[in-house]
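Hi,

Here is the structure I said I would pass on to you. Have a look at it first, and my notes on the two ligand sites follow below.

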Amino acid sequence: MSPALARVACIIPAKDEQERIAATVTAALALPHVDVVLVCDDGSTDATGQHAAAAGAVVVTHRRNRGKAAAVESGVNALGVREQRDGRPECGTLLLLDADLGGTAAACAPLITPVVEGRADLTIAVLPEQQTEDGGTPGGFGLVMGTAARGITELTGWMPQAPLSGQRCLTRRAFELASPLAAGWGVEVGMTVDVLRAGLRVEEVPVALRHRATGRDLAGQLHRAKQLRDVTRALAARGLVQSGIDQVRANGLSSLLRRDRGR
Ligand SMILES: O=c1ccn([C@@H]2O[C@H](COP(=O)(O)OP(=O)(O)O[C@H]3O[C@H](CO)[C@@H](O)[C@H](O)[C@H]3O)[C@@H](O)[C@H]2O)c(=O)[nH]1
Ligand SMILES: O=C(O)[C@H](O)COP(=O)(O)O
């Protein structure tokens with residue numbers, strides 16, 4: 001096992017997560033190989049930063065909200081600064097976790113093992129069926145998930161089960177290959193495509209995590225609209241539109257429609 005890969009830095013983007021961030025940080029710090037937990041407080045209006053620091057995280061703060069991808073990038077940048085400033089050995093592995101996992105983040109060891117052992121370059125957690133906090137039905141109508149899954153498959157030939165999952169572990173090298181990250185909610189889709197296209201190994205791993213699932217109320221649907229916008233932009237920037245145009249040119253419009261049927 002490479003000593004650098006065996007040092008894991010956990011990066012947690014967090015916006016208004018004071019209810020859960022302390023439990024998430026505590027669980028992440030106890031995971032095997034985790035050396036440091038960095039939380040990027042992404043312009044929270046609550047006490048997320050204070051709760052994260054009290055639980056033992058290194059905290060960096062965005063004065064205004066900049067979105068998930070920017071928060072992940074700031075966390076990784078802060079890691080680099082800390083390593084250089086203090087002459088610390090480099091963490092060769094990054095564990096990206098959402099702030100709302102709470103104590104269930106303790107289940108993430110199976111995500112870490114394949115990467116630190118050099119068997120995978122990127123692992124992605126597949127979560128069990130979730131429930132919303134009020135016991136309601138989670139998920140929308142599969143539009144964002146379906147768009148993301150089809151887009152990744154179209155661009156890489158690989159069919160993901162959990163294309164939007166932000167719970168992932170990857171080598172620092174893979175992260176650098178996927179940088180700059182796709183903006184906002186496009187970060188996961190962009191990263192998966194970039195890492196696969198670089199010829200690296202991606203593996204999905206079932207992990208028993210619970211997070212705050214998005215409901216079907218108005219706020220949930222607005223959230224999904226933003227996810228769809230960012231996922232579509234990430235796919236378009238990686239050539240999905242061009243691939244569609246090429247297909248129509250070569251085989252006509254009906255081939256494009258045929259290709260989508262049944263997915
Ligand atoms: O402006 C923001 C908004 C959210 N977050 C944090 O990003 C994480 C994910 O946000 P959340 O609202 O929990 O996202 P979900 O609706 O659950 O999104 C799903 O889909 C997203 C991609 O669209 C992935 O990033 C998530 O991992 C996945 O759980 C959390 O730690 C948030 O605190 C920020 O840092 N900045
Ligand atoms: O709740 C979810 O799983 C995401 O917000 C995506 O929603 P959708 O794929 O059901 O539209």
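Predicted model: local features only at pLDDT ≥ 70, side-chain atom pairs only at ≥ 80, totals over all residues.

For polar contacts, here is what turned up at ligand 2:

- A polar backbone atom of Met 145 sits 2.8 Å from an oxygen atom of ligand 2.
- An N or O atom in the side chain of Arg 224 is 2.9 Å from an oxygen atom of ligand 2.
- An N or O atom in the side chain of Gln 227 is 2.7 Å from an oxygen atom of ligand 2.

As for its surface, ligand 2 taken alone exposes 310 Å², and the protein buries 85% of that.

Where is Arg 224 found? It belongs to helix H8. Arg 224 is buried but has no salt bridge. The nearest side chain of opposite charge is that of Asp 217, 6.3 Å away, while a salt bridge would need a side-chain nitrogen within 4 Å of a carboxyl oxygen. Besides its contact with ligand 2, the side chain of Arg 224 has a polar atom 2.9 Å from the backbone oxygen of Gly 215.

Now to ligand 1. How many residues surround ligand 1? There are 22, and the closest are Glu 17, Asp 42, Asp 98, Glu 188 and His 223. The shell around ligand 1 divides into six nonpolar, eight polar and eight charged residues.

- A nitrogen atom of ligand 1 lies 2.6 Å from an N or O atom in the side chain of Asp 42.
- An oxygen atom of ligand 1 is 2.9 Å from a polar backbone atom of Lys 15.
- An oxygen atom of ligand 1 is 3.4 Å from a polar side-chain atom of Arg 212.

Taken alone, ligand 1 exposes 690 Å², of which the protein buries 90%.

Best wishes

Terms used: Residues numbered from 1 in each chain as written. Chains lettered and ligands numbered in written order. Heavy atoms only, no water. Polar contact = N/O pair within 3.5 Å; in protein donor to acceptor, adjacent residues only side chain to side chain. Areas by Shrake-Rupley, 256 points an atom, 1.4 Å probe, with all protein chains shown as cover. Helix = DSSP H or I, 4+ residues; strand = E, 2+ residues; numbered from the N terminus. Buried < 20%, exposed > 50% of the residue type's maximum accessible area, 1.4 Å probe, protein only. Lys, Arg positive; Asp, Glu negative; His and termini not counted. Near = heavy atom within 4 Å. Nonpolar A, V, L, I, M, F, W, Y, C, P; charged D, E, K, R; others polar.
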